[in-house]
Amino acid sequence: MTNQDIIDLNTRYLCNTYARFPVAFVRGEGCRLWDAEGKEYLDLFASLAVMNLGQCHPAVVRAVQDQVATLTHISNLHHTVPQARLAELLCSHSFGDKVFFCNSGAEANEASIKLARKYGVDKRDGRYEILTVLGSFHGRTMATIAATGQEKVRQGFGPVLDGFRYVAYDDLEAMEAAVSDKTVAILVEPILGEGGVVVPRPGYLKGLRDICDRHDLLLIADEVQVGIGRTGTLFAYEHAGIEPDIMPLAKALGGGIPVGAMVARAEVAESLNLGTHGSTFGGNAVACAAGVAVVDTLLNGGVLENCHKMGAYFLTRLQDLQAKFSCITEVRGQGLILGAALDRDGADIVSACLDQGLLINCAAGTVLRFIPPLIITQAEIDQGIAILEKVLAQQ
């Protein structure tokens, strides 16, 4: 089948919920992808920060093959080794004591919202309100669109779930002023991803932690996009020297196999007791085996160190482009989540890069977002920069 054959089939049978690019991929390896007609692409997108170890990493492939041939799925009414091992890994390398497994980032955020509300009923006199920030993105379920600080995701779906208010990002005074006697938690992304790769000023997360401590609130760090090594540490909150109370995870956790997780402190997690929450496929044995391989490789395979090193190099190369092209107004980011803010819409640049065999995307309309696999090499970054430079010169 050609690219167009596959596109035609999808157009005929799939719901029209995505603005898809005119390409169909059939194979991947590391930071490289190939379409249905054999054209090669350099991947600086990692399928929206999912493929942190790149396509078909040998450790993930081996873990999935072994597990699917041994025990594919068992209901959560019974126990499995992969689920226990992944929960142990996540807790032993984070602030957390307990894990709830699900299938996606939206479900992990949904579980976090439910836990915060149940905790409010159990231990905070019925408080239920959650403060989130403008520009945030937490998912597409009804609760998570209510939590998301972007009006466009709620349009057409009202009335949305009550109990959320939005505060300017990186504004501690506004956040503290917004706390009411109904507030139970603050939900925040350590770096705004969909919001345009916005890195807060140093001290912001520490300030949020202090506000939560002063008002007996829970701090929920949404690490769905920035967790699992994306910033050069296993979790982004580590850079701030603080610990949240709840942390939703997903995207890169399964190395391309769908798995999400909510990690929480034990005293908080106990509010989700028997029968209060569940997921049929959450903690699937194959997905958790993949997750174990991902976390093991991140911790022991030199990937985090490469993220630090290549992130700094990539940032420098983007700053070189900023010096050449006035349309780039700012370069920002941390580790290997980087953004180049433009003085114009970035869609045409993204499409032109695709034509040249380079995958990037655009966040918030005007920010080129670079979220490559964490195994990327300096030569691959140079190749991507060369293509981007050529495209910018033609704009």
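Colleague: How many aromatic pairs does the structure hold?

Modeller: Heads-up, this is a predicted model: local features need pLDDT of at least 70, side-chain atom pairs count only at pLDDT 80 or more, and totals for chains, interfaces and linings use all residues. Residues are numbered from 1 along each chain as its sequence is written, and side-chain values use heavy atoms, with hydrogens and water left out. Rings of Phe, Tyr and Trp (its six-membered ring) pair if their centres lie within 6.5 Å. Going by that, the number of aromatic pairs in the structure is 5.

Colleague: Are the rings of F25 and Y41 stacked or edge-to-face?

Modeller: Planes under 30 degrees apart count as stacked, over 60 as edge-to-face and the rest as tilted. The ring centres of F25 and Y41 are 5.1 Å apart and the planes sit at 85°, so this pair is edge-to-face.

Colleague: Which strands do F25 and Y41 come from?

Modeller: Strands here are DSSP runs of E, at least two residues, and helices are runs of H or I, at least four, with both numbered from the N terminus. The pair links distant parts of the chain, 16 residues apart. F25 is in strand 1 (residues 25-29), and Y41 is in strand 3 (residues 40-43).

Colleague: Is Y41 buried or exposed?

Modeller: Buried means under 20% relative accessible area, exposed over 50%, and partly exposed in between (1.4 Å probe, protein chains only). F25 has 35%, so F25 is partly exposed. Y41 has a relative accessible area of 4%, so Y41 is buried.

Colleague: Are the rings of F235 and Y237 stacked or edge-to-face?

Modeller: Here the ring centres are 6.0 Å apart. The planes of F235 and Y237 are at 5°, so the pair is stacked.

Colleague: Which residues do ring pairs link into a cluster?

Modeller: F235 counts as buried at 0% relative accessibility, and Y237 does too at 5%. The cluster joined by ring pairs is made of F95, F235 and Y237.

Colleague: Which ring does the charged end of R27 sit over?

Modeller: A charge sits over a ring if NZ of Lys or CZ of Arg is within 6 Å of the ring centre and within 35 degrees of the ring normal. The charged end of R27 is 4.0 Å from the centre of such a ring, and that ring belongs to W34.

Colleague: How many disulfides does the count come to?

Modeller: A disulfide is a pair of cysteine sulfur atoms within 2.5 Å. By this rule the count is 0.

Colleague: How far away is the cysteine sulfur nearest to C31?

Modeller: C31 is in no disulfide, and at 3% relative accessibility C31 counts as buried. The nearest cysteine sulfur is that of C307, and its distance is 12 Å.

Colleague: How far apart are the end C-alpha atoms of helix 5?

Modeller: The expected span of a helix is 1.5 Å times one less than its number of residues. Helix 5 (residues 105-123) has 19 residues, so it should span 27 Å. That agrees with the distance between its end C-alpha atoms, 26 Å.

Colleague: Which residues is S112 in contact with, leaving aside its neighbours within four places in sequence?

Modeller: S112 is in helix 5 and counts as buried, at 0% relative accessibility. Contact means heavy atoms within 4.5 Å. With those neighbours set aside, the contacts of S112 are I220, I246, P248 and M262.
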